Amino acid sequence: MQPAIEVHELRKTFKVQRNREGLAGALRDLFRREYVEVAAVKDISFTIPQGEICGYIGENGAGKSTTIKMLAGILVPTSGTVRVAGYVPWRERERFVRHIGVVFGQRSQLWWDIGVIESFQLLRKVYRVPMADYKRRLDELVERLQLGDLLNRPVRKLSLGQRMRCELVASLLHNPSILFLDEPTIGLDIVVKTEIREFLIQLNREHGTTILLTTHDLQDIEALCSRVIMLDDGRIIYDGGLDELKARWSRGREIRLQFGEQVSLERLEQLTADLPGARWQAGEDMTAVLKVPSAVSLSDALARVVGSGVDIRDIKFMETSTDEIVREIYKSGSASGAERLVGTT
Amino acid sequence: MYLDLIRIRFLMMLAYRVNYYSGIVIYAVNIGAYYFFWHAIYGNQEAIRGFTLAQMTTYVAVSWMARAFYFNNLDREIANEVRDGSVAIQFVRPYNYLLVKLFQGFGEGLFRLLLFMTPGLVVVCLIFPIELPRDPAVWLLYLAMLAFSFLINSELNLLTGMGAFYIENVDGLIRMKRVVVDLFSGLFVPIALFPGWLAVLSEWLPFQAIAYLPSAVFTGRSSGDEALVAIGLQAVWAVLLIVPIMLMWRAARKRLFVQGG
């Protein structure tokens, strides 16, 4: 079975106009423009097998959207090769796009002034979907996403959540085997987010749809993706499972303790002296945090503290969240972190 | 599918009727102004370079009515879509973007032809002394030429609109194109009345094929073989203009840079 998406040494550079400063500069710009070449995507390679849900994350301007747009046939790559569903997207665009669905969270693909159902019908004709298939598919999608009463309203009168559900339907009417989602949950409330995530999981399970999504919401990733590709400054800095990412980058767990009396840091450190890597940090108001590396079992650590007879009022366990991990990776800069990550996977 | 695009655009035009009403007023004022303008110029003269006053009035009225049909804002629409990045959506659909634009323009034109030009012409005929051709063949020929007018004007609009792929702000270009088209197409002044060198220049440009040629046929200035040459010339331009469009489109695809991430 051929992979759904194959990307090799993909690169995209843009010419960006440089505006010179001041009036004199502006006048000079009138006659001779200066351009700067900016590489948005720098020679990236990856392969996504059919039926996978892959998260594509990175900071703003890391090159996520540019990649998606090349995969969807919108942009022509500067160099490198792309194969999606067996096609070279930009070369055979019109035939290729019948096999993919695309949702841009920030852009509507529905016609603004006409009813939702009119948009769907127009899309049916655009994609030449047979009437029977269209009916069956629309019924299924409408029921899943509970759109029944929205269908006759014009798009401009829908809320963002309603619109996004309609966008999903619009992108799936022609039964694509690959779905690209560019920030599909941006600006949505938690209820709609959850609905959309559940819908996507079901879609993937029942129809085997390959899904590639970019997002800033790591809960999307946690709920949906078995695999994450992380991009920074146009390069891939991580490509692998989410659990692996967590395990490798997690700084372990934390136990947050609230004491009933003043306990000195030295005393606490003595308690866990035999646990390798365990570190204490004093907080305000008679609290302290014990950092426990993944290698040490939590019960061991806890037993040392609880068994010591210190007056403990409250205990909280914290795990490093994906959010924190990703923030940490972004902050640590691509270069050093990247080599470490790519080298080990 | 393309027929549905025409239909949808038709419906959208209906949804925004206010634009439509104000358009009627603008056209009526223009025709009226030109009528009195020519009336004053003619004074007691019977004819100027073979144009009688009645012919001139007819020419002005018919040219403006034709403009209602062939005129569209495809250039501005394309420029806007490129600028705000929504052109990206157009590229994930299995159709040809330019062709879609052309058909949308046609939907708009058809709307105006039926709900604007036809009633407008009736009203204008009642107010001003206009001579309509009596030969049905001329009517048929005129309709065919009108279709070419639309095609050529839209092709020029596509070219102008695609300028947005190359320069950041094409508003100036669009405005300039509009003035050039209105002047050189013979909308204000029939090309036959241009001074020698300008008339020669105009004959070598595609613009006269938009308004002057069909109106000349309609008013009976060009007839017989001359009329056939006119429609032939239109056809040649309609085909010729496809070449720069294709070249520009191919280059534009590679240059496309979607704004907003």
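Residues are numbered from 1 along each chain as its sequence is written, and chains are lettered from A in the order in which they are written. In this predicted model, local features need pLDDT of at least 70, side-chain atom pairs count only at pLDDT 80 or more, and totals for chains, interfaces and linings use all residues.

**Exercise 1.** Work out in which order the strands of the open sheet of chain A stand, and which of them are at its edges.

Solution. Strands are DSSP runs of E with at least two residues, and helices are runs of H or I with at least four, numbered from the N terminus; two strands pair if DSSP finds at least two bridges between them. The three strands follow the order β2-β1-β4 with antiparallel pairing. Since β2 (34-48) and β4 (79-84) of chain A each have a single partner strand, they stand at the edges, and one side of each is left without a neighbour in the sheet. Between β1 (residues 5-18) of chain A and β2(A) there are 11 bridges, and A:F14 has A:V38 of β2(A) as its bridge partner.

**Exercise 2.** Determine how helices α7 and α8 of chain B are oriented to each other.

Solution. Axes are lines fitted to C-alpha atoms, for helices over the stretch in contact, and angles run from 0 to 180 degrees between N-to-C directions. For α7 (residues 136-162) and α8 (residues 171-184) of chain B the angle is about 155 degrees, with the axes 10 Å apart. Angles over 145 degrees count as roughly antiparallel, and α7(B) and α8(B) are therefore roughly antiparallel to each other.

Definitions and conventions: Parallel < 35°, antiparallel > 145°, perpendicular 65-115°, else oblique.
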